[in-house]
Structures are given as C-alpha cells and as structure tokens.
Amino acid sequence: MKRYLCSIIIGMVVILSIGTYYVKVASSASSLPKYTFKTLEGSDKELDPVIINATLQSGSTFYEPLTIESNTTTYASERSYLENLTGRQDHLIERLVKEHRSFMRGKDSISSLYEDDDFLAYAWVNSKYTKSGNMEAEFDIGLLEKKDEEETSFQIELPNQERIMNADVRDVQLVHSKLQVLTMNDVNSNNEKQTKEVHLYTIDVANKKVLSDKTLVSETYTDPNQVDFEMPIDVAPSQPNNIVFISVNKGVNHEDGFKEKLKESKLLSYNYETEKLETVKKGSLSLDMARSGYADGKNLYVVEMKSGKYRIKTFDLSSQTLTSDTELDIADNKEEQYTAAFKNGRVYFLLNGMNQEGLLTYKPAILLIADIKTGKTLYKGETVINKKNSKSFGLYFDDLEIK
C-alpha cells in the first residue's frame with residue numbers, strides 16, 4: 001500500500017509541476033506585446049498564406065522567438081513542450097510530415113527533398129570521423145511512390161570518400177527515373193592548398209547503386225586566397241527544377257576583411273536535362289544578381305533599388321533573358337533590411353523597421369504583396385502593437401514563408 005501511495009504522490013507532484021509551469025508560461029507570454037498588421041491598402045485575405053518568423057529583444061539578455069501567422073502573434077513560450085522540442089520547422093516539412101508521416105521520419109532538410117505528383121525522394125549524406133581521422137560517409141536514400149505509398153530506402157557508400165572532408169547536399173532532382181544529388185564538398189589536402197568542389201551524383205534507386213560521380217566545379221587555393229560557392233535562394237525547394245546556378249566567388253583575406261576578385265569570379269549554370277555546364281555571359285546575368293536573387297526553377301527574381309523605389313527584375317532561366325522589370329509601391333531605405341518571397345505570381349516584400357544597430361526604438365515594419373508582372377499592389381500593411389510600453393522592445397525578422 002505504501003508503494004502505491006508513494007507512486008500516487010509522485011504522480012500528483014508531476015502533474016502540479018507541469019500545471020504550474022504552463023500557468024507561469026501563459027502569464028509570461030500574456031505580458032509580451034502582440035504584433036499584427038494594420039491594412040493600409042488592398043485585401044487582408046492576402047495575409048492568409050503569410051508566415052513571419054521573428055525574435056523579440058529587450059536589452060542584451062532577453063530574447064523570445066515568435067511567429068506571426070494568420071495575422072496572429074504566437075510566442076515560443078506559448079507552444080507545447082513537444083513543439084519546442086522539435087524546433088521551428090519549415091511549413092513545407094510540416095505538410096510533408098502530415099501527408100507522409102512514415103516516410104518523413106527523421107527527414108528535416110528541405111534541400112534534401114524532391115517532390116512531384118508521383119514521387120517524393122530524399123538524399124542525405126551521413127558522415128563520421130574514425131579514430132584515425134578519416135571520414136566515413138554514406139548516402140541515405142529514400143523514394144516514395146505516392147500512389148501506393150510504396151517506400152524504398154537504403155544506405156550506400158559515398159564514392160571516393162577518402163578524399164572528402166565534408167559533403168553538403170544542396171539540390172535533389174529526379175531525372176529519367178534516376179536520382180540526381182548536387183553537393184558542395186570540402187576536399188582533403190596533404191599540403192597548404194585547399195580544394196572545394198561541386199559534385200553531381202547519379203543514383204539508380206531501383207538497383208541501389210551510384211552510377212556516376214561527376215565533378216562540375218573544382219577550385220584549389222592557398223591562404224590568404226579564398227574561394228566560395230553560392231546559389232540563389234531557392235523559393236520553391238523540393239520542386240522539379242531543370243537548371244541551377246552556381247556562383248564561384250574568388251577573393252583574398254586581408255586584415256580589414258575579404259576583398260573579392262571580380263575578374264576571376266564567375267557564374268555557372270547547369271542543366272539537368274542536357275547535362276551541360278556553361279559559364280553565364282555577363283551581358284545577361286551579373287554575378288551579384290544571381291547571388292542575391294531568388295530562384296523557383298523557372299525564373300530568377302532580383303530586387304534592385306532605383307530612383308527611390310524597389311524594383312523586381314524577372315529573368316527566364318532557360319533563355320537567360322529579362323522578361324519583366326516592375327516597380328513596387330514602396331520607397332527604398334538603405335538603412336533598413338528587407339526580406340522577400342515569391343509564390344503564385346506574387347512578390348511578398350517585408351521591410352524591417354528594426355535595423356538601427358544598437359537601438360531598440362520601435363518602428364513599424366511594412367509588408368507589401370504585389371503582382372510580379374504588373375507591380376500592382378494587392379496588399380500593403382504595417383505592424384501595430386497592443387501595448388503602450390512595447391516601444392522599448394526590438395522586433396527582428398528572421399524569415400518570411402508563404403504557404
């Protein structure tokens with residue numbers, strides 16, 4: 001009887017502790033400011049797919065993550081223990097988990113996923129270092145046929161892994177029933193030289209083997225020289241995509257920072273269908289445009305400031321030609337940061353009013369939603385807060401997602 005009584009007491013203590021925790025959390029969250037968008041122009045229905053992840057800051061010690069979704073603020077402390085345990089997830093990952101829970105178990109990198117109407121594919125590189133200092137690496141491959149929910153999964157050794165220090169998966173495509181996995185690799189060196197490479201691995205999922213390991217780009221350099229590879233921001237990750245851009249950025253590390261060698265830097269394009277790697281002529285796309293652009297598989301979108309306004313330039317990826325150049329109804333401000341997203345023929349443009357370094361004075365953020373081709377404003381709004389003392393907080397935007 002004493003044993004059961006002890007268990008009951010322990011159970012009650014646990015329940016009371018959890019209850020007290022959530023009461024304190026609710027009380028703490030209720031004292032924080034709530035942010036919503038006040039409509040200045042257009043329809044507030046345009047806000048429905050918008051998700052804004054941000055951080056609230058007060059002083060140098062208080063930081064609280066928050067999300068503005070459906071024009072409602074939710075703090076991390078208001079979420080359940082399990083939600084906070086898994087962390088903030090991309091909404092695309094959340095959708096795939098709901099639709100294909102078994103297949104998506106343990107898969108949380110959107111750049112490692114591919115999805116079309118018939119298939120969902122996954123490729124990741126698992127690696128570890130042995131006691132001798134060598135890396136052991138293998139592909140973790142998965143393919144789901146949506147129609148019958150048939151899964152294929154296997155692990156296979158990464159080719160030539162003895163010369164690789166790190167392999168980062170940047171794109172996955174399914175082309176002619178073969179999985180194409182694009183990675184950026186750091187390569188082992190026995191001297192002072194360093195090498196970075198872009199690899200394309202072709203994987204036969206049916207026969208569970210790597211058909212080829214193609215080196216698309218290889219750059220060797222010695223300190224203080226430096227080489228970096230970059231790709232435009234992918235606004236449609238996991239979707240079918242024929243063309244990828246890779247910028248090769250060369251420079252020198254000085255005491256006062258990194259100085260780029262513009263004459264030696266270059267922009268490359270690779271076509272999965274034709275298997276052609278080409279250097280992009282500077283007349284069509286500049287290196288800066290590709291690096292700072294947003295790609296969706298068909299177009300590259302570039303934000304520019306001109307004549308006091310923000311403009312969106314749209315380049316067709318296949319022809320590498322400018323197809324539209326539209327002006328947005330929002331004044332440029334070089335002292336403030338912007339975040340952009342592109343989906344369904346719309347540009348979502350968030351101008352952050354909290355970019356004054358070291359200052360926590362509140363300034364409303366502006367959200368503009370416009371038609372990409374015409375520039376017509378579909379929605380314009382600014383953040384408002386529900387507490388008078390909230391101007392002592394700093395609101396910093398992390399990213400902008402569109403469902």
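Figure 1. On a 1 Å grid over the protein atoms alone, a pocket is an open set of points with protein on both sides within 12 Å along at least five of seven lines, a cavity is a set of points where a 1.4 Å probe fits but cannot get out, and lining residues have an atom within 4 Å of a point. The model is predicted, so that local features need pLDDT of at least 70 and side-chain atom pairs count only at pLDDT 80 or more, whereas totals for chains, interfaces and linings use all residues. Residues are numbered from 1 along each chain as its sequence is written, and side-chain values use heavy atoms, with hydrogens and water left out. The largest pocket has a volume of about 1,100 Å³, a volume being the space filled by probe spheres set on grid points that are joined across faces, edges and corners. Its lining comprises 45 residues, and those nearest the pocket centre are Ile233, Asp234, Val235, Ala236 and Pro237. At least two lining residues come from each of helix H3 (91-99), strand E5 (113-115), strand E9 (164-175), E14, strand E15 (243-254), E19, strand E23 (338-343) and E27; helices (H or I, at least four residues) and strands (E, at least two) are DSSP runs, numbered from the N terminus. By class, 22 residues of this lining are nonpolar, 11 polar and 12 charged, where Ala, Val, Leu, Ile, Met, Phe, Trp, Tyr, Cys and Pro count as nonpolar, Asp, Glu, Lys and Arg as charged, and the others, Gly among them, as polar.

**Figure 2. The open sheet that contains E14 and E19.** Five strands in the order E14-E19-E20-E21-E22 form an open sheet of mixed pairing, two strands being paired if DSSP finds at least two bridges between them. Strand E14 (233-234) and strand E22 (321-331) are the edge strands, each pairing on one side only. Within the sheet, strand E19 (residues 294-295) is antiparallel to strand E20 (residues 299-306), with two bridges between them, and tyrosine 294 lies opposite tyrosine 301 in E20.

**Figure 3. Strands E2, E3 and E4.** Strand E2 (residues 50-58) runs antiparallel to strand E3 (residues 62-69), to which eight bridges join it; alanine 54 has leucine 66 in E3 as its bridge partner. E3 also pairs with strand E4 (residues 72-75), again antiparallel, over four bridges, and isoleucine 68 faces threonine 73 in E4. Two residues lie between the strands of the E3 and E4 hairpin, where serine 70 has a positive phi near 55 degrees.

**Figure 4. The largest nonpolar core.** A nonpolar core is a set of buried Ala, Val, Leu, Ile, Met, Phe, Trp, Tyr and Cys residues joined through side-chain atoms within 4.5 Å, and buried means under 20% relative accessible area (1.4 Å probe, protein chains only). The largest core has 23 residues, with Phe37, Val50, Ile52, Leu350, Leu367 and Leu400 making the most contacts inside it. Leucine 367 touches, among others, Phe37, Val50 and Leu350, contact meaning heavy atoms within 4.5 Å.

**Figure 5. The second largest cavity.** This cavity, with a volume of about 40 Å³, is lined by Phe37, Leu47, Val50, Ile52, Ile68, Glu69, Ser70 and Asn71. E2 and E3 are the elements that give two or more residues to the lining, which has five nonpolar, two polar and one charged residues.

Conventions
Buried < 20%, exposed > 50% of the residue type's maximum accessible area, 1.4 Å probe, protein only. Lists of a residue's contacts leave out its neighbours within four places in sequence.
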